[in-house]
Amino acid sequence: MAGKRSGSPADDSTRLAVSPRAVDMFADRDRLRDLLDHVPAGIVIHEPDGSVDAANGPASTLLQRTWAQLFRAPATDAFWKFVRPDGSPMPAEEFPVNQVMARCAPVADVVVGVPVADGVRWMLCNAYPVFHEDHRIRHVVVCFTDCTKLVEAEHSLRTSEERLRLVLQGTTDAAWDLDLRSGRAYLSQRWWAMLGETGQSEDATIDTMWGRMPPAERERVQEALAAFLATDRTSFQIEYSMFHHDGHLIPVLARGYALRDTQGSALRLSGTNTDLTAQKETERRIYELAFLDHLTALPNRRLLVERLELALDRASRTGAAGALLVIDLDNFKLLNESLGHETGDALLREVAARLKHAVRSSDQLARLGGDEFVVLLEDLGRDQETAALEANVVAHQVIDALSRPFDLAGRSVYTSPSIGIATFARGDGSVDEVLRQADMAMYQAKREGRNTSRFFSDQLQRTVARRGGLEHDLREALANHELVLYCQPQVDLYGRVLGGELLLRWHNQQRGWVEPSDFIPLAESLGLIRPIGRDVLWQGCELLARWAHDPRLAEMSLAVNVSVQQQREPDFVQEVRDALVGTGANPERLVLELTETVFAEDLRDTVAKMWAVRELGVRFALDDFGTGYSSLSYLTRLPIDLLKIDRSFVHAAPDDPTAAVIVDAITAMANKLGLELLAEGVETEEQRALLAASGCRKFQGFLFDTALPVDQFAARYGM
């Protein structure tokens with residue numbers, strides 16, 4: 001075995017200088033042996049021929065040889081049988097003593113294995129020559145210490161490293177290590193390969209890891225790690241997504257351990273990442289096989305039952321009603337047999353596709369089997385009558401969608417649906433009962449001519465029928481211009497008329513006067529409120545243009561109600577601008593009244609449109625304040641000029657202390673924000689006095705005047 005390092009061939013600068021006194025000491029063997037026995041290392045002195053000339057006690061102990069065995073022992077492999085660190089026999093020329101004699105120079109840090117009774121004892125050897133005055137080698141001194149434990153530890157570490165390397169190479173997991181103090185990270189090649197990349201772990205930091213995560217995932221993982229590090233736990237696992245080199249996301253499960261100091265602070269995190277792609281795909285396939293219809297990819301009966309159970313539970317907790325629609329295709333069996341099963345399957349897939357477009361994204365579709373489909377509707381109102389009306393609208397959409405011809409293999413195929421509807425609300429029935437009711441209603445629809453819908457409840461059927469009649473009459477009224485404008489005055493504290501609010505009225509020949517609370521919500525549900533609102537806005541601007549020629553009316557403002565649907569139209573601002581320009585109305589006299597529901601969704605869009613309209617000179621009033629989505633934040637962000645106290649507070653204030661307190665609070669808030677305040681629905685002097693005492697200065701209600709046809713209003717309050 002060669003030394004780890006050795007000196008150069010002997011010359012004058014490297015030879016050991018030996019004084020005559022030292023020579024005398026070496027000549028006195030007894031004194032030398034006594035001295036060397038006290039040295040805590042083995043020392044063996046060799047003659048120039050390599051044989052042992054002297055050895056101390058520790059050498060005899062370490063080599064497990066007596067002095068008699070050592071004396072004159074040759075430096076040959078036959079006697080010593082030394083081994084190299086790798087376990088192979090060490091040739092005699094690699095013995096430290098022989099290397100020194102061959103080179104005439106010292107050798108250092110040579111590891112030699114010495115066979116002993118219990119195995120191999122490892123020695124760390126240093127050897128050097130002692131020269132005569134004529135530079136011939138006189139002795140070779142070999143010093144050695146027991147390094148068995150060090151060699152075994154090194155071997156164990158090397159074995160562990162090899163074992164770890166083999167494990168990491170054989171596993172699909174990706175190892176990583178993070179130094180929390182420096183931010184440096186070790187990312188294994190498997191870690192990079194999992195992401196489709198080749199990286200340099202030496203340059204990696206914690207930001208390298210964060211940079212491979214979507215922002216939302218990164219924030220979530222950072223929060224989870226911060227929570228973990230704040231505890232005394234040593235292990236964690238978390239699932240998240242990382243960007244693959246190709247751009248798609250891969251699901252990953254990270255398992256890690258924390259190394260903490262004596263105070264419990266984490267110093268480093270080490271762990272592995274597991275690619276969950278295959279597992280997620282397997283889970284998805286299992287889910288599809290268990291819960292999805294193989295033909296249409298819609299939820300199957302099993303999943304429908306689970307979702308219906310949840311819907312019934314939510315209805316019981318929240319009080320919000322829902323409905324279940326069972327849809328059966330008319331004459332499907334005949335079509336399937338005459339056109340073939342492949343065409344029948346194609347028809348079912350097309351039906352599923354049309355149903356997806358006919359219902360809301362929040363509605364839940366399912367296929368029960370055969371030609372039966374189901375639509376589950378939730379949050380349809382607070383009672384079953386409202387739910388029935390909403391469900392009926394969906395049923396008509398389904399009928400319209402499925403009654404159109406289907407183009408299958410180049411031929412037109414016709415079918416139609418028979419729909420049974422069962423509603424449910426708080427505590428209404430079980431899953432089986434609701435399904436049975438909808439199924440029975442569906443068969444009733446088939447008996448009554450097909451291509452129609454029927455409710456399980458006769459009462460709800462009558463309600464829907466009445467609604468259908470009212471819808472027909474409303475459409476006729478719009479076509480025949482039966483909706484007319486009335487105007488109710490708004491007065492100040494002294495009863496002087498400041499302006500008016502435009503109100504729609506409808507008189508039907510058969511029904512008589514129809515309440516706005518009946519036909520306005522119907523118009524909203526049918527999508528008719530937008531053209532109605534547009535027409536009212538134009539008529540209001542035309543009135544302002546005409547009033548401008550009357551000295552008394554010219555100073556009055558005119559309030560026009562704007563529906564949520566109308567305000568959400570993309571061209572709402574342009575619509576207001578066109579009405580003002582087209583009629584020549586003074587925008588400063590136009591007040592657009594919004595309800596608080598307009599702020600329930602997409603507040604940013606609402607804010608932008610209101611400010612754009614405000615720049616035209618138009619003012620805004622907030623109607624029914626305090627009954628909807630009240631928020632001080634939007635009162636400070638929006639160009640609102642006037643708040644209207646809802647009539648429910650006005651009517652209750654004289655007798656209900658709570659309502660009176662609310663009125664006082666609204667008044668104080670309006671004053672603080674610099675907003676005008678108007679109380680609507682004032683019918684008694686007691687109400688007016690209480691409101692006036694609270695600080696309200698504008699009023700509207702029957703106490704002052706009823707709503708009048710606009711011509712009568714102009715005649716009464718104009719010149």
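Mentor: The axes of helix α13 (residues 332–339) and helix α14 (residues 341–358) come within 6 Å of each other and cross at roughly 135°. Axes here are lines fitted to C-alpha atoms, for helices over the stretch in contact, with angles from 0 to 180 degrees between N-to-C directions. This is a predicted model, where local features need pLDDT of at least 70 and side-chain atom pairs count only at pLDDT 80 or more, while totals for chains, interfaces and linings use all residues. Residues are numbered from 1 along each chain as its sequence is written, and side-chain values use heavy atoms, with hydrogens and water left out.

Trainee: What makes α13 oblique to α14?
Mentor: Under 35 degrees counts as roughly parallel, over 145 as roughly antiparallel, 65 to 115 as roughly perpendicular, and the rest as oblique. The crossing is roughly 135°, so α13 is oblique to α14.

Trainee: Which residues of α13 and α14 meet?
Mentor: F332, L335, N336 and L339 in α13 meet H341, T343, G344, L347 and L348 in α14; contact means heavy atoms within 4.5 Å.

Trainee: What lies 3.4 Å from a polar atom of the side chain of Q566?
Mentor: The backbone oxygen of G533 does. Leaving aside neighbours within four places in sequence, Q566 is in contact with R530, G533, R534, N561, F572 and E575.

Trainee: What is the strand order in the open sheet of five strands?
Mentor: The order is β8-β7-β11-β10-β9, with antiparallel pairing. β8 (185–187) and β9 (235–243) are at the edges: each has a single partner strand, so one side of each lacks a neighbour in the sheet. From one strand to the next, the twist averages 20°.

Trainee: How do you know that β10 and β11 pair?
Mentor: Two strands pair if DSSP finds at least two bridges between them. Strand β10 (residues 249–260) and strand β11 (residues 266–275) have nine bridges, in the antiparallel sense. L259 has R268 in β11 as its bridge partner.

Trainee: Which strands does helix α10 lie across?
Mentor: Helix α10 (residues 215–229) lies across β9, β10 and β11, and runs at about 170° to β9.

Definitions and conventions:
Helix = DSSP H or I, 4+ residues; strand = E, 2+ residues; numbered from the N terminus. Polar contact = N/O pair within 3.5 Å; in protein donor to acceptor, adjacent residues only side chain to side chain.
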